[in-house]
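Dear colleague,

I am passing the structure below on to you, and I would be glad if you could look through it alongside the notes that follow.

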Amino acid sequence: MKWDPEKYIQFGDYRDRPFFDLTGRVRADRPAQVVDLGCGPGNLTATLAERWPDAEVVGVDSSAEMLAKAGEQAADKPSLRFQLADIADWKPSPDTDVVVSNAALQWVPGHLDMMRQWLDALRPGAWFGLQVPGNFNAPSHALMRELAASTRWESKLGTVLRGGESVGGPADYLHILLDAGYWADAWETTYQQVLPGPDAVLEWARGTALRPALAVLSAEDAADFEAEYAEALRTAYPQTGHGTVYPFRRVFAVGRKRG
């Protein structure tokens, strides 16, 4: 699946805020190595290098397009580097003290089992924090799946889009951390995002949720699918004089290994 870094950062303020809400709960003092799983364009990973200047900070992502953008962040930060790799293949090193993953694990099937393995492998005192979207049942996502399952699109998109099974709830992540021997905290937040411009929710989805569909459709089919989807979104999320209000639920969990 091809990513568009410029489209992804179009709503930067809204996409960035959960990262800082997450990392604000990670209270590591002097970590040796900090890893950002699913680092995307690297702008947020760079803030970890600024926060912990003595640590080796590594951003991991499977998108060459995203990492091409991320490389710009490392130009003046010798402790920051980026690695092209699948999250599913990543394993912590003996020096890994902090692992964060912001809006990435929903793309990784089986990530709850992977998380258990990562937590077991991390050394005592290490921190682990994640944030995943929790809005797969919101109209923006439900309408997309309904359209993909319709007579016109089922043959091309019937198995492409995933639903709520992509992520766990706060309690799921909390218990995984606790069972692994971590002090743990888990919570959820629904941000009332006011998006500017026409078809604002469609523009938001083009950066993330729509990517799997766009990756398999021809340009002509993609335009037709987006037109039908946009029409449904206008009813679900009417534009107001202030913009379009788009509620977005996020799920967070943070833990520190005991011992």
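A search of the whole structure finds 15 salt bridges, a salt bridge being a side-chain nitrogen of Lys or Arg within 4 Å of a carboxyl oxygen of Asp or Glu. Please keep in mind that this is a predicted model, in which local features need pLDDT of at least 70 and side-chain atom pairs count only at pLDDT 80 or more, while totals for chains, interfaces and linings use all residues. Residues are numbered from 1 along each chain as its sequence is written, and side-chain values use heavy atoms, with hydrogens and water left out.

Arg152 takes part in a salt bridge with Asp224, where the closest N and O atoms are 2.8 Å apart. This pair links distant parts of the chain, since Arg152 is in the loop between helix H6 (139-148) and helix H7 (154-157) whereas Asp224 is in helix H11 (residues 219-236), 72 residues apart; helices here are DSSP runs (H or I, at least four residues), as are strands (E, at least two), numbered from the N terminus. Arg152 also forms a salt bridge with Glu228, with the closest N and O atoms 3.0 Å apart, and because Glu228 lies in helix H11 too, the pair ties together parts that are 76 residues apart in sequence. Arg152 is partly exposed at 45% relative accessibility, and Glu228 is likewise partly exposed, at 31% (buried means under 20% relative accessible area, exposed over 50%, partly exposed in between, with a 1.4 Å probe and protein chains only).

Within helix H2 (residues 12-23), Asp21 and Arg17 are 4 residues apart, about one helical turn, and their side chains meet in a salt bridge of 3.9 Å, N to O. Glu50, Asp76 and Lys77 are linked in a network of salt bridges.
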